[in-house]
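Biologist: I'm new to this one. Could you show me how to read helix packing and pockets?

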Amino acid sequence: MSLLALERVAVETGGHRILDVEHLEVQPGELLALLGPNGAGKSTLLRVAHLLERPARGAVRWHGEPVDWPVALVTRRRIAMAFQDPLLFAGTVADNVAYALEVRRASRAAAGSRVSGLLELLGIAHLAGRRAATLSGGEAQRTSLARALAADPELLLLDEPLASLDAPVRERLRGELVAIVRGQRLTCVWVTHDQEEAFAVADRVAVMEAGRIAQRGTPEEVFFRPATLFVAGFVGTGNVLPGRIEASQGGLVAVDMGGSQMEAVSELPVGARVLVCIRPEEITLGRDDGSGHQSARNRMNGTVTAVVTRGATTRVDVQFGV
């Protein structure tokens with residue numbers, strides 16, 4: 001049974017539908033990444049998942065049971081969220097982390113023990129007495145995460161938790177945060193617009209486009225077998241070429257791409273119109289010496305039109321058929 005499920009959920013604002021999700025489940029112990037560009041509906045979906053926004057239609061299920069609106073406070077308290085910009089009040093780090101326990105009327109001894117353990121877990125025990133206003137971005141985000149974890153939530157929602165941090169801090173905290181989620185066996189929905197981050201942290205990825213789920217699956221499925229042109233572009237496929245299947249034999253198809261032909265693994269029928277996705281790292285460039293003895297199964301002739309250095313990588317633009 002899923003922990004949380006959205007079924008035919010739609011959210012509208014000013015007569016415009018900004019979220020339209022046919023079906024999405026979050027399984028217990030799963031880390032699900034919601035991936036998509038700004039404006040795709042990720043944050044709106046997160047508000048529905050947090051039981052803060054009632055959809056215009058559809059059902060939200062918690063432990064298999066439909067949620068009644070307004071949602072009981074005891075149910076909402078089973079869910080915690082950490083935001084891109086930490087929302088800390090003007091107290092100490094320990095005060096901020098203890099807040100979730102205070103509203104639940106935890107005993108002073110239990111609260112103190114829980115806060116100490118979380119500060120230690122997130123590597124900020126030495127900051128317990130520091131005022132929130134004096135923290136760096138990474139320290140503030142760690143404090144925010146500790147506060148979200150303090151109430152021992154069944155579902156942890158992370159809304160772009162690392163987006164505002166510098167690259168070295170973001171990389172380090174990402175690994176630590178994933179280790180905490182795994183180590184605590186938390187169920188987590190992690191919202192991001194960074195495809196590298198999504199694939200690095202998630203058990204499953206759901207790619208959003210204009211309020212809809214364009215594709216969901218394991219990181220490998222989404223990365224290597226994008227379902228739509230939008231998904232292919234967003235996950236960095238890089239090269240998407242239209243073609244038509246001309247022949248099929250033994251699980252291999254021959255695809256005609258207007259003068260060039262390529263073989264690929266597919267069960268699609270002859271005559272099907274397809275998009276051939278070729279990842280940049282799967283391409284080897286070589287000078288055509290006219291011998292025709294290159295060993296690669298798929299070869300295409302073209303002319304280099306641009307070479308652009310991008311730090312550790314170099315982009316090469318090739319015009320085919322020239």
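This is a predicted model: local features need pLDDT of at least 70, side-chain atom pairs count only at pLDDT 80 or more; totals for chains, interfaces and linings use all residues.

Biologist: How do helices H3 and H4 cross?

Modeller: Two packed helices are described by the angle between their axes and the distance between the axes. Here, the axes of H3 (residues 93-102) and H4 (residues 108-121) come within 9 Å and cross at roughly 125°. That makes H3 oblique to H4 (under 35 degrees is roughly parallel, over 145 roughly antiparallel, 65 to 115 roughly perpendicular, the rest oblique).

Biologist: Which residues make the contact?

Modeller: On H3, they are Val 93, Ala 94, Val 97, Ala 98 and Leu 101; on H4, Ala 111, Arg 114, Val 115, Leu 118 and Leu 119. Contact means heavy atoms within 4.5 Å.

Biologist: And how do I read a pocket?

Modeller: Rolling a probe the size of a water molecule over the atoms shows where empty space is left. The second largest pocket has a volume of about 530 Å³. Its lining has 19 residues, with His 50, Ile 79, Ala 80, Met 81 and Arg 104 nearest the centre (lining residues have an atom within 4 Å of a point on a 1 Å grid where a 1.4 Å probe fits; a pocket is an open set with protein on both sides within 12 Å along at least five of seven lines).

Biologist: Which element gives the most to that lining?

Modeller: Strand E6 (79-82), with 4 residues.

Technical notes. Residues are numbered from 1 along each chain as its sequence is written. Side-chain values use heavy atoms; hydrogens and water are left out. Axes are lines fitted to C-alpha atoms, for helices over the stretch in contact, and angles run from 0 to 180 degrees between N-to-C directions. Helices (H or I, at least four residues) and strands (E, at least two) are DSSP runs, numbered from the N terminus. Grid points are joined across faces, edges and corners, and a volume is the space filled by probe spheres set on the points.
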